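Please read this note with the model open beside it. The points below are meant to be followed residue by residue.

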Amino acid sequence: MTLQSSGTISLANIRDEYNNGSSDPVVLNDYYRGGSLVRANADNNTATNLSADIPTSANSSPLSINDFYGQARAFRKTYSSTATDQSGVGVFGDDFAVNYPKEIVINASQTVGATSSSAPALKIDSTGAGTITVTNNGSIEGAGGAASSAGGNALQVDGSVSVTLVNNGTIKAGGGGGGTGGTGGSGVYTASATFSSLVDQGGGGSSTPQNNKPSWLNSIYTSAGNLDGVGVVSDRLWRGINQQFNRSGGIGSSGQFQINHSGSAGAGFSGNCANRGPIYISAQTNITGVYTVSASISSLYGSGYGTPTVSVSTSTSSAGTSRSNSGTANITASTTTYFTGYGTASNGKNYYYNSLSMSVSGTCLAIQTGGSGGSGGVGQGYNQSAGSAGSGSSGSNNAGAGGAGGAGGAFGAAGSSGSTGSNGSGTSVSFPSSAPTNGAGGASGGASGKSIQGVSNVSSSGSGSLSGGTA
């Protein structure tokens, strides 16, 4: 207790304040400020010394009982304005670990707040020694949590340090952040693709046509292939891609014995040759998806050429995906893909007036990613209001919209969970992944911080309130 400010003061009063429990005779010179009984502030102790009027031993004046009027054995930190991110070590410096009374007083209408949910507003460090008293007449406020994250603690007592709390104000844990909304489900739609970088692998080369074929086809076409009509129809000549080979004559109409490719979105490419081929083309597309491919062999003047087939592969040594007559093939964007049209029993045979055709669709079944979930609102905390829920992004091309985020929690409350994203729709595909899919669930909201962390080491009194749990 603070010594009286007037009236009679005795040596026993001084001993009871500064050397309580001792029965030794009082030697006044033992009570200079700066000794072990009446301590002076360490250089990094910013608190007020309640014995500041007692002279130090460096003072030439002898001690007088009158020097002890209104003095007390303690360091006191008084908050008369807003402060943030406070700690015992930060206030009392080296003296925090000394067995000497320490007081923290927060005045009415003042706030000690946290600026980050990773640290409390006021921390009593585990190195504290001596009696530690916190008197809160104002407010101690933790920081609000970010989206889906926990709020911060208000008052935190570390280790086994004992604290006496007189709470006549409010101690508020930071609210938890709202959860992020779930992503919308993937949708499947019909996309218009653009093919580019077409190369006539079969017809190009040092002569026209070169009649090249992929190595895997050697087991089916053991003899040479041929893109030109032969025999009585030797003038049905292969002209490459969009008549890239200027071969005069022939009875074929313009664009008949070649690959036709406009380069337009959704157009794909197609063509035919007057013999067994193979038609062997490489190309790239700008959209990953499931495409339709087809092949046919006319049989007006004979048969026995086998099944018209298209292979789709990213390698010249593997057939990849082969489709008889027509079917679907999985094609990856920006990847050189080889398309080979042939007849399964056409080895060494001439088609005469028949022809081999191949086509690749310009549209495909593609997957559209769902809309992103809305952001969660921040939790209420020091100098920060609880944030409202963010809206999810809308879905396009049959994709589901993202779910709304959850609202941030008030002081001492958890954030709300985010909403589930909407489901996608469309034709089922399994490439490049399974779709359509259902929307994802929203993330849980963050938990509230603690109004008092380390409450088992705290002795509490006062008429104030707590917002948020203790631990």
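1. Basis of the model. This is a predicted model, in which local features need pLDDT of at least 70, side-chain atom pairs count only at pLDDT 80 or more, and totals for chains, interfaces and linings use all residues. Residues are numbered from 1 along each chain as its sequence is written, and side-chain values use heavy atoms, with hydrogens and water left out.

2. Helix H1. Helices (H or I, at least four residues) and strands (E, at least two) are DSSP runs, numbered from the N terminus. Helix H1 covers residues 11-18, and Ile14, Arg15, Glu17 and Tyr18 are buried in it; buried means under 20% relative accessible area, exposed over 50%, and partly exposed in between (1.4 Å probe, protein chains only). Seen down the axis of H1, these buried residues fall within an arc of 165°, so they line one face of the helix. The arc is that of the directions from the helix axis to the C-beta atoms. In general, an α-helix has 3.6 residues a turn, so residues three or four places apart point the same way.

3. Asn19. This residue lies in the loop between H1 and strand S1 (48-49). Asn19 counts as partly exposed because its relative accessible area is 25%. Beyond residues up to four places away in sequence, Asn19 touches Ile14, Tyr31 and Leu37, where contact means heavy atoms within 4.5 Å. Asn19 and Leu37 are 18 residues apart in sequence, and their C-alpha atoms are 6.5 Å apart in space.

4. Asp125. Is Asp125 buried or exposed? Asp125 counts as buried, because its relative accessibility is 10%. Asp125 is in the loop between strand S7 (122-124) and strand S8 (132-136). Its side chain reaches the backbone nitrogen of Val89 at 2.9 Å. With residues up to four places away in sequence not counted, Asp125 touches Ser87, Gly88, Val89, Phe96, Asp158 and Val161.

5. Two residues with positive phi. Ser109 has phi near 70°, a positive value in a residue other than glycine. Ser109 is found in the loop between strand S5 (102-106) and strand S6 (111-113), and Ser109 is exposed, with a relative accessible area of 70%. Ser148, also not a glycine, has a positive phi of about 65°. Ser148 lies in the loop between strand S9 (139-141) and strand S10 (155-157) and counts as partly exposed at 29% relative accessibility.

6. The loop between S23 and S24. Ala447 is found in the loop between strand S23 (356-368) and strand S24 (452-453). Ala447 counts as partly exposed, because its relative accessibility is 44%. Leaving aside neighbours within four places in sequence, Ala447 is in contact with Ser149, Ala150, Gly151, Gly176 and Ala414. Ala447 and Ser433 are 14 residues apart in sequence and 35 Å apart in space, C-alpha to C-alpha.

7. Cis peptide bonds. Which peptide bond has omega near -5°? The bond from Phe431 to Pro432 does, and it is cis. The peptide bond from Ala435 to Pro436 is cis as well, with omega near 0°. Pro432 is found in the loop between S23 and S24, and Pro436 lies in the loop between S23 and S24.

How values were computed
A polar contact is a pair of N or O atoms within 3.5 Å; within protein, one must be able to donate a hydrogen and the other to accept it, and residues adjacent in sequence count only if both atoms are side-chain atoms.
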